[in-house]
Amino acid sequence: MSKFAQRMTTMEKSATVIKKLFEAMNDPKIISFGGGAPAKEALPVDIVREITNDIMRIDKRGVEALQYGGVMGVPDLREVIVNDLLAPKGVKGNVDNIFIINGGLEAMNLLCQLYIDPGDVILVESPTFIHSVEIFEMFQARCIAVDMDDKGMVTEDLEAKIIKYKPKMVYVIPTFQNPSGRTLSLDRRQKVAELGSKYDVIILEDDPYRDIRYSGSDLLPIKAFDETGHTILANSFSKIFSPGSRLGYILANDEVTAKLFNAKTATNSHTSMLPQIICAEFFKRGYYPAHHKMICDLYRERRDIMIECIDKFFPKGTKRTFPDGGLFTWAELPGGINTTELLVEASTNPDVKVAYVAGEAFFTEGGGMGNNCMRISFGSVAPEKIRIGTERLGNLICSKLT
Ligand SMILES: Cc1ncc(COP(=O)(O)O)c(C=O)c1O
């Protein structure tokens with residue numbers, strides 16, 4: 001039997017975490033604050049049924065949906081992105097610079113193909129999104145963590161580490177960050193863009209939660225401050241439309257777009273046509289504004305209940321974030337509680353049966369960083385279950401402190 005490639009060992013890490021999350025999500029007895037999936041109520045099933053029926057009745061669109069397509073994606077979906085998603089956020093985009101990809105995650109893969117040679121450094125937030133790190137490591141990048149505080153990535157530390165490590169890329173999740181729920185402040189957004197230009201480093205802005213803001217005011221993306229093309233914006237339709245459709249996009253300058261064309265062609269030719277067309281029609285038929293309001297109302301209510309319950313049931317001294325959008329909050333527990341060890345009991349004890357993601361997995365530094373932290377997703381959990389689950393989890397944590 002041939003030996004598997006070395007990269008398979010690095011891939012095992014997050015595959016194991018994800019497998020456990022899905023197991024927890026599918027166990028009806030567990031209240032899972034683990035996965036970052038949208039609420040089932042937030043998926044536009046009826047609208048998609050109607051659109052799909054229509055598409056298949058219109059010869060041209062039906063054939064287009066089932067035929068091979070262009071590498072960069074369906075033109076009207078790219079127009080929707082420019083006009084409905086980017087322009088209202090202050091980002092000028094040209095349809096020719098929008099690249100449709102197979103879920104937001106494909107951006108990390110394609111951009112590593114473009115930029116990363118073995119041993120290259122990528123600066124990431126501390127903590128950061130495990131899936132992206134897994135892709136970076138698959139390309140044998142060295143991920144170096146940059147400090148974060150309540151205003152997101154600390155730009156003084158970022159500049160110091162750019163100078164020290166000469167990275168190829170900086171990976172930032174600026175809005176309602178996964179896993180911390182924090183948002184990068186406006187002045188730091190501008191600074192990050194400037195540092196990319198000043199030191200000739202690619203800033204990969206991964207912003208899939210930006211469009212689900214349900215309190216506070218919108219902030220311009222880092223890309224809006226980019227004057228030299230060093231910032232590349234990646235986004236996803238997973239949280240505002242449907243994750244199963246596997247749709248995302250990249251906005252980059254002409255030079256990068258041309259290289260993406262080659263990388264995407266070699267990887268999978270183009271993104272599936274049927275979901276692209278359904279998604280384009282969803283926006284063009286005017287469904288998005290009401291859908292967007294509905295999902296924001298739904299998540300706002302869940303966020304409020306989650307925060308209220310954490311404050312009520314978790315022990316004194318717990319620090320948690322208050323996200324103005326997105327699907328999760330992040331808690332740091334007092335008293336030396338190890339959240340990785342606690343998770344075993346929380347998810348198996350019949351009186352608790354609650355899952356979350358232990359914090360340690362999100363830190364590239366290792367050495368036990370984040371072992372008192374947990375990511376708590378509220379997006380896909382019904383309000384009553386949020387109450388019950390948080391009370392049970394809070395009681396378990398408190399019992400460890402007495
Ligand atoms: C920060 C971040 N980037 C990218 C993605 C991937 O999105 P997609 O499901 O569209 O691949 C996620 C999904 O949870 C995410 O949290």
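Analyst: Glu 125 stands opposite Val 146, a residue of strand 4. The model is a predicted one. The pair belongs to the pairing of strand 3, residues 121-125, with strand 4; the two run parallel and are joined by five bridges. In general, the strands of a sheet pair through backbone hydrogen bonds, in either a parallel or an antiparallel way.

Next come the nonpolar cores. The largest has 66 residues, and those touching the most other members are Phe 33, Ile 81, Phe 237, Phe 283, Tyr 299, Phe 314 and Met 374. Helix 11 (residues 288-313) supplies the largest share of this core, ten residues. A second, separate core has 31 residues, including Val 124 and Ile 116.

Last, a pair of helices. Helix 2 (residues 45-57) packs against helix 10 (residues 273-284) at an angle of about 110 degrees, and their axes are 10 Å apart. Helix 2 is therefore roughly perpendicular to helix 10. The crossing of helix 2 past helix 10 is right-handed. Among the residues making the contact are Ile 47, Ile 51 and Ile 55 of helix 2, and Leu 274, Ile 278 and Phe 282 of helix 10.

Definitions and conventions
Residues numbered from 1 in each chain as written. Predicted model: local features only at pLDDT ≥ 70, side-chain atom pairs only at ≥ 80, totals over all residues. Heavy atoms only, no water. Core = buried A, V, L, I, M, F, W, Y, C linked by side-chain atoms within 4.5 Å. Buried < 20%, exposed > 50% of the residue type's maximum accessible area, 1.4 Å probe, protein only. Helix = DSSP H or I, 4+ residues; strand = E, 2+ residues; numbered from the N terminus. Pairing = 2+ DSSP bridges. Axes fitted to C-alpha atoms, helices over the stretch in contact; angles between N-to-C directions. Parallel < 35°, antiparallel > 145°, perpendicular 65-115°, else oblique. Left-handed = near helix turned anticlockwise from the far one by under 90°. Contact = heavy atoms within 4.5 Å.
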